[in-house]
Amino acid sequence: MTSQLFSPDVEQVLDLSGIFVFALSGGLMAVRKNFDVFGIAVLAEVTALGGGVIRDLIIGAIPPAAFTDTGYFVTPLVATVVVFFLHPEVARINRTVQTLDALGLGLFCVTGTAKAHDYGLGVVASIALGTITAAGGGVIRDVLANETPSLLRWDRSLYAVPAIVGSALTALLISTDSLGAVTGSASALFAFGTRMLAIRYEWRAPRAWHRGSSNTGEA
């Protein structure tokens, strides 16, 4: 299968590592919103698993992987415990969490695109589902926390765009029969690098242009 880029053991470790970091970000938002422990667990779970669940439901991979592998479901609960007791310490290493989150973004946009292709979807649909795999959980997290999703906010650095870039590169590799462990890793690292540059230089997508106005994006 195209989506089997690494050995099963390596892929399991990478998946669980990405899930854990995504869950930390969900748990931290729950703490900032003053949620109780159940709320922390819910946001951790949906942030970590939401994108993959949406992808699997769309492509017909039923039941979703999140519900067939106990490790996928338990890992966000471990992150919940970490955030519940150590959230000040976790918040202090926010830069590290952001870096690991960017790595997870790169990994999941590649594996999500490849899995969508394995289930017969075309190039555009595979790219879309790769992006959803990487960023969908964060959207669900923000909606549940009554926030405008971060990837839709102009005042936040690019998040969906790096995932789209990584997914598009993966789709290109698939179409040329070039996707493998090395090239897939390169696509993931490219998406990771784009995200880190966006954080470093505060890259943002342009807002709507208003003719005759020097202050673009303002109504």
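The expected span of a helix is 1.5 Å times one less than its number of residues. Helices here are DSSP runs of H or I with at least four residues, numbered from the N terminus.

This is a predicted model, in which local features need pLDDT of at least 70 and side-chain atom pairs count only at pLDDT 80 or more, while totals for chains, interfaces and linings use all residues. Residues are numbered from 1 along each chain as its sequence is written, and side-chain values use heavy atoms, with hydrogens and water left out.

**Exercise 1.** Find what helix α5 reaches from its first C-alpha to its last, and compare that with the expected value.

*Solution.* Start with the residues: α5 covers 94-118, which is 25 residues. Next, take the reach from first to last C-alpha, 35 Å.

**Exercise 2.** Locate the kink in helix α6.

*Solution.* First find α6 at residues 123-144. Then look for the bend (the angle between axes fitted to the seven residues ending at a residue and the seven starting there). The kink is centred on Ala135 and is about 50°. After α6, Asn146 has a positive phi of about 60°.

**Exercise 3.** Describe how α7 and α8 are placed against each other.

*Solution.* Begin with the axes, which are lines fitted to C-alpha atoms over the stretch in contact, with angles from 0 to 180 degrees between N-to-C directions. Those of α7 (residues 160-175) and α8 (residues 181-201) come within 8 Å and cross at roughly 160°. That makes α7 roughly antiparallel to α8 (angles over 145 degrees count as roughly antiparallel, under 35 as roughly parallel, 65 to 115 as roughly perpendicular and the rest as oblique). Now list the contacts (heavy atoms within 4.5 Å): among them, Leu169 and Leu173 belong to the α7 side, and Phe190 and Ala191 to the α8 side. The residues of this contact divide into 6 nonpolar, 6 polar and 1 charged (Ala, Val, Leu, Ile, Met, Phe, Trp, Tyr, Cys and Pro count as nonpolar, Asp, Glu, Lys and Arg as charged, and the others, Gly among them, as polar).

**Exercise 4.** Work out how α1 and α5 pack.

*Solution.* Take α1 at residues 8-32: the axes of α1 and α5 lie 9 Å apart, at an angle of about 130°. α1 is therefore oblique to α5. To finish, sort the contact by class: 9 nonpolar, 3 polar and 2 charged residues.

Terms used:
Helices (H or I, at least four residues) and strands (E, at least two) are DSSP runs, numbered from the N terminus.
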